[in-house]
Every structure is written in structure tokens, then in C-alpha cells.
Amino acid sequence: MNEVIAAHNLAVALGGKTVLEDITFTAGSGELTGVIGPNGAGKTTLLRAILGLVPLQEGSLSVFGISGRRLKDIRPRIGYMPQRQSFERRFPLSSADVVATGLLSPQTIFRRIRGREDQVRKALRAVGMEGYYHRPFQGLSGGEQQRVLLARALSRRPKLLLLDEPNTGLDFPAQQSFVKLLRELKDKEGLAIILVSHDLASIAPAADKLLCINRTMHIHGHPAEVLRSPYLDEAYRCQFDFLTTGGDSERCWH
Amino acid sequence: MSEILAYGFMQRALLAALLVGLLCPTISFFVVLKRLSFLGAGISHTALGGIAIGLASGVDPVLTGSIFAVGTAMSTGHISRLGKISEDTVIGIFYASGMALGIALISTFKGYYPELFSLLFGNILAVSSRHLQLMAVVLAVILVFVLLFFKELLAICFDEEMAIAGGLPVGPLYMGLLAAIGLTVMVSIQLVGVVLVAALLVIPGATAYRLSSNYRSMFAFSLIIGLSGCFGGLFVSYFFPVPPGAAIVLILAAIFAGAVAVKYYLERRP
């Protein structure tokens, strides 16, 4: 397993206010890391720091061995899926058009995108949506739209995938199906995946590692270890109770 | 028909309707997709301040109004991007301040200013050859901008966060779009006036949005609707005692209402 992200004592300030501090973790290829924490914990800011969109206040962060201002140069190697609220859901684009927006970069300005159709079809096939190529994006169900947006994030064949609350608004079967797809992609393509969610129940069973933050890092490790930890209660500022006991302990909201 | 074309002022009016009928729907497409409708209304009303400064100082009011309109559009974008004040709040402040400046200056004028009333309420029949040249230049510049950056502008309208993450120059392109809106407002004011110009920026795109499931047909519908409104309004005002600006906007509003009704009927048909 190659190390893809290495963060050490990372701190980020926005508008003069520190929103993240003392974040230390690593993520490797073929590994799904779940970033959990309550609303306003700084999870999205962490993704924006990895993308080089917000500067570090302190500490170090390297992605594919690159750090500092050069982080923005490796954005084409990163697939990114922002939160659902950031786009207009009735926008008049087909599924293929949506995926093709993921192929745009400074290099494609003034130029046609070479092999656009092939790349779009491959990305849609990877998420099981090839038959939806011409379908209007606005007519798809929430789960189908999420798969198309995942295809967009995959369109440039990235080695690192950053997903921001991809399960929001999906019913439980759609969440399960989406997480299963992520695990398949991770195993098949050797992708490093950082999956942000405030919903512990949907992310914990799928993740190889969990990183629990609430402005600062509370715990980072194997899901079973994180779920048993008192630091989890501290981060969410509430009590978790055991739901079932089996080989691994599972807990849920109290 | 030949009677209409025999008049020089009607020939210029028809050419103005063609130019604005192409320009406004092009910008309207992006205004609606990026949800900038309030910005269009704000810029047009703010331009009144610039127009009044031009009339008071003896400088061409179209020039001073254009500087005000583009300046307002770009300042709104810049201030809202700093993240301290929302775009709606910034527009609301500029909107009221520009109008107040215009009213304050106009109240000091002595005598009658026919140009002022043309710019307030529009007068397509009084459009000059110089103004037509200005419209043609603005249309050419904006079409080149849109054609060169169409896919990037569309991506920014769809998901700005993703466009930034993809490394696109979102800031400069967004500012370019705002400047294009400001210029479009200013050259269109001659047709329908400060009060009604926002309708040309919103209704073609909003109607096309209702009728389309893909952006190509939305763009085509927007152009067809914009041209229909401009030419239709001009002909209505030739045959009936209705000011052309008001006729253009009323036809566009009727097309929008018709589109909403047809869509509603089709969606509920068994």
C-alpha cells in the first residue's frame, strides 16, 4: 500500500479563526478512510485543504508526496464530489454532460476535450450507469444522481477520491448500494478514498479506517477501535450506546 | 410591411431589435442558470446614477451609465466573494444607492432632458446609428467571450465548487460574465428603459428553462423567445398606441405565462 496523504499537526484558519488544528493522519492507496464528526466539525475544510483550496496555518500536508502551494498542481489526479446542496438539481444537462464537466481543466480551455465520449462512457460504466448516457440528469432519482456525480469524480481516472457527504438525502438501501460500489472501486482500481460523513452508521461498516474530528482530532484508527473509544462521545458531545454485540462492537446514537 | 421598412427610424429600430434580441437571450441563459436575476434588476437601476452623472456633466450618459453598470456588477461579485456580505445584500445596497444618486442629481436639473426619458422608459424608435454601432460591438465582444468559454461558464453555473477544484479560472470567468451582464443592461436600456430592462435579462432564459431538458435546446429557445419578444413588441407598437419597451416586455411575459400553462397541462395529462 502506497501512502497517498500524510498530514501532521495540520491546522487551518478561515477569516482569522482557527477551524481545524492538530490533525494527524495518513491514507493509502486501496484504503477507504471515513472522516466523521458532528456538523461544523471542519470535515469539508479538511477536504478543501487536501485540494489546496485553503492554506495551512500550521503543520504539514503532503498528497502524492507534494505539499505547499504545489498542491493545486495535482488537482487533476484527485476526484472530488462536493456536497449535494452546491448544485441546481433541475439543471438542464444530460448524465453525460454532467460527467463531462469533470474533464474540464485549465488545459482544456480553448480546446475540444479529446476522447470525451469514451472517457464519459468509461466513467458511467464504472458506476453501473452506462445506460443513462443520454438521460436528463434532472429526471434521475437521488441515488442515480449520486452515481452520476461519482462518475464525474472518476472521469479523469484519479488515484485519490474525496467524497463530501455523498449519502445525504439517500434512503438506507441507496446508501448501502453506494457504499458497496465505493468498496468495489477501491478494491478494483486501488483508489484511496476519503469519505466525509456526519452519519456514523452509514460509514463505519465500510471504512478501513476512521478519522473522528471536531475542530481538532479526537481519534484515528480501525473502525472497531474508534467505535469503542470514549473520544467518540467527546467529539459528538453525546453518549453512544451499544446496539449489537458480535465479533465487533457496533454502536449507534443514543 | 414595405411601408414599415420605408422609414429610416424603423430600419434602425428593427436592427436594434435584432441585436438586442440576440444579445439579451444569450446572457439570459447564464443569468437564469447562475440565478443572477436579481443582479440584472439591480444593475439596471444602479445605472440610473451613472446616467444622471453623464447628463449633469455633459458626458455621454450611455458611457457613464455603462461604467456604473459594469462597475456595479463586478463590485457585487467581488464583495460577495469575500464572504462577508451575501450577494443579495450587496445588490440591494447598490440598487438603492444608485437610484438615490440618480434621483438626487435629476432633481437639480433645470429644463427638459428628452434623453433622460428615453433612458428611463426606453425608445427604440429613437435609436441612433452610433448607438447601433455600439450595440453591434458589444454583441460581438460578448459572443466571442461566450463562444470561447461556453463549456467553462456552463460548468461554473452547474457547480462552482467543482469547477474551482478542477483548476478552472473561476474568478476571472465569473467577473467576465458579470461585466457582460453590465454591458448588456446598458446597451439594452435604449430599447426598454432602466425600469424594464431586467425583463429582457430574465424572461427569455426563464421561459426556455421551463421548456427544456438539455442546455442546447434551452439556449435555442432563449434566442427564439428573445427575438420574438423584441420584433413582436416593435410591430405591436407600430400598429397600436403602446410604447415599444412596454410592448416587448408584455409579449415576453405572455410567452412565459403560455409556457408555464402548456408545461403544467402536459405534465398532468394522463
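## Walking through a two-chain model

Let's begin at one pair of residues: Glu58(A) in E4(A) lies opposite Ala11(A). This is a predicted model, in which local features need pLDDT of at least 70, side-chain atom pairs count only at pLDDT 80 or more, and totals for chains, interfaces and linings use all residues. Residues are numbered from 1 along each chain as its sequence is written, while chains are lettered from A and ligands numbered from 1 in the order in which they are written.

That opening pair belongs to the antiparallel pairing of E1(A) with strand E4 (residues 58–63) of chain A, which has five bridges; strands count as paired if DSSP finds at least two bridges between them. Strand E1 (residues 3–14) of chain A also pairs with strand E2 (residues 17–28) of chain A, again antiparallel, over eight bridges. Within E2(A), Ile23(A) is the bridge partner of Leu10(A). Two residues separate E1(A) and E2(A) in their hairpin, and Gly15(A) in the turn has a positive phi of about 60°.

Strand E9 (residues 209–214) of chain A runs antiparallel to strand E10 (residues 216–221) of chain A, with five bridges joining them. Here Met217(A) in E10(A) faces Ile213(A). One residue lies between these strands, and Arg215(A) takes a positive phi near 70° in this hairpin.

Stepping back, chain A holds eight helices and twelve strands, both taken as DSSP runs numbered from the N terminus (helices H or I, at least four residues; strands E, at least two). The C-alpha trace of chain A spans about 50 × 40 × 35 Å along its principal axes. Its radius of gyration is 18 Å, which agrees with the value near 18 Å for a compact globule of 254 residues; this radius is taken over C-alpha atoms, and the globule rule is 2.2 Å times the number of residues to the power 0.38.

Chain B has eleven helices and zero strands. Its radius of gyration is 19 Å, close to the 18 Å that the rule gives for 270 residues, so chain B is as compact as a globular protein of that length. In chain B, 48% of the 270 residues count as buried, meaning that 20 or more other C-beta atoms, placed from the backbone, lie within 10 Å of a residue's own.

Where do the chains meet? Contacts (C-beta atoms, placed from the backbone, within 7 Å) link 21 residues of chain B with 21 residues of chain A. On the chain B side, two or more residues each come from helix H7 (129–158), helix H8 (160–165) and helix H10 (215–239). H7(B) gives the largest share, five residues.

The largest nonpolar core has 160 residues, and those touching the most other members include Leu162(A) and Ile181(B). Such a core is a set of buried Ala, Val, Leu, Ile, Met, Phe, Trp, Tyr and Cys residues joined through C-beta atoms within 7 Å. Helix H9 (residues 170–211) of chain B supplies its largest share, 25 residues. Leaving aside residues up to four places away in sequence, Leu162(A) touches several residues, among them Leu47(A), Ile78(A) and Ile194(A).

A last word on confidence: pLDDT is the predictor's confidence in each residue, from 0 to 100. Chain A has a mean pLDDT of 86, with 92% of its residues at 70 or more. Among its elements, helix H2 (residues 95–101) of chain A has the highest mean (95) and strand E12 (residues 249–253) of chain A the lowest (48). Over residues 245–249 of chain A, pLDDT stays under 50. Where pLDDT is low, predicted coordinates should not be read in detail.

Technical notes
Two residues are in contact if their C-beta atoms, placed from the backbone, lie within 7 Å. A residue is buried if 20 or more other C-beta atoms lie within 10 Å of its own, exposed if 12 or fewer, and partly exposed in between; C-beta atoms are placed from the backbone.
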